[in-house]
Amino acid sequence: MATQTTSESDAFYKQLGRMYGTYTGGFIAFVVFLAILEQVGVPNKVLGYFFVFFTLAGYAIIGVATRTAQIS
């Protein structure tokens with residue numbers, strides 16, 4: 001069983017806070033973007049496609065960003 005030192009744990013939590021902040025900021029920007037598109041008159045079908053695409057892209061980015069490179 002692998003153990004983490006204190007410095008590794010601190011670095012992890014610092015990176016975790018940055019990731020949460022980035023995700024939250026991106027989500028807020030996405031909602032504002034959709035609201036602007038809706039006000040401009042973009043059809044609901046197109047807004048739905050944007051929502052699905054960006055949701056899948058968000059999960060893909062989270063998956064790539066949180067992968068581990070250590071085998072142990």
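Reader: How many helices and strands does the chain have?
Author: Two helices and zero strands. Keep in mind that this is a predicted model.

Reader: How much of the chain counts as buried?
Author: Of its 72 residues, 8% are buried.

Reader: And the accessible surface, what does that come to?
Author: About 6,400 Å². Carbon and sulfur atoms account for 68% of that area.

Reader: Which residues form the nonpolar patch on the surface?
Author: Tyr23, Phe27, Ile28, Val31, Val32, Ile36, Val40, Tyr59 and Ile62. Together they have about 920 Å² of accessible area.

Reader: Which elements give two or more residues to that patch?
Author: Helix H1, spanning 6-40, and helix H2, spanning 44-65. H1 supplies the largest share, with seven residues.

Reader: Let's pick Tyr59. Where is it found?
Author: Tyr59 sits in helix H2.

Reader: Why does Tyr59 count as exposed?
Author: Because its relative accessible area is 60%, and exposed means over 50%.

Reader: New topic. How many aromatic pairs are in the whole structure?
Author: Six aromatic pairs turn up. Take Phe33 and Phe54 as one of them: their ring centres are 6.4 Å apart, with the planes at 85°.

Reader: Why is that pair called edge-to-face?
Author: Because the planes stand at 85°, and an angle over 60 degrees counts as edge-to-face.

Reader: Which parts does the pair tie together?
Author: Phe33 is in helix H1 and Phe54 is in helix H2, so the pair ties together parts 21 residues apart in sequence.

Reader: How accessible is Phe33?
Author: Phe33 is partly exposed, at 35% relative accessible area.

Reader: And how does Phe54 count?
Author: Phe54 is partly exposed too, with 34% relative accessibility.

Reader: Which residues do ring pairs link into a cluster?
Author: Phe30, Phe33, Phe50, Phe51, Phe53 and Phe54.

Reader: What does Phe30 touch, leaving out residues up to four places away in sequence?
Author: Phe50, Phe51 and Phe54.

Reader: Now the inside. Which residues make up the largest nonpolar core?
Author: Five residues: Phe30, Leu34, Leu37, Val42 and Leu47. So Phe30 belongs both to this core and to the ring cluster, given that a core is a set of buried residues.

Reader: Which helix gives the most to this core?
Author: H1, with three residues.

Reader: Last stop, Thr66. Where does it lie?
Author: Thr66 is in the segment after H2.

Reader: Buried or exposed? I mean Thr66.
Author: Thr66 counts as exposed, at 51% relative accessibility.

Reader: What separates the C-alpha atoms of Thr66 and Met19?
Author: A distance of 9.4 Å. Along the chain, Thr66 and Met19 are 47 residues apart.

Technical notes: Residues numbered from 1 in each chain as written. Predicted model: local features only at pLDDT ≥ 70, side-chain atom pairs only at ≥ 80, totals over all residues. Heavy atoms only, no water. Helix = DSSP H or I, 4+ residues; strand = E, 2+ residues; numbered from the N terminus. Buried < 20%, exposed > 50% of the residue type's maximum accessible area, 1.4 Å probe, protein only. Areas by Shrake-Rupley, 256 points an atom, 1.4 Å probe, with all protein chains shown as cover. Patch = residues over 30% accessible without salt bridge, like charges linked within 9 Å, V, L, I, M, F, W, Y side chains within 5 Å. Salt bridge = Lys/Arg side-chain N within 4 Å of Asp/Glu carboxyl O. Phe/Tyr/Trp six-rings, centres within 6.5 Å; stacked < 30°, edge-to-face > 60°. Core = buried A, V, L, I, M, F, W, Y, C linked by side-chain atoms within 4.5 Å. Contact = heavy atoms within 4.5 Å.
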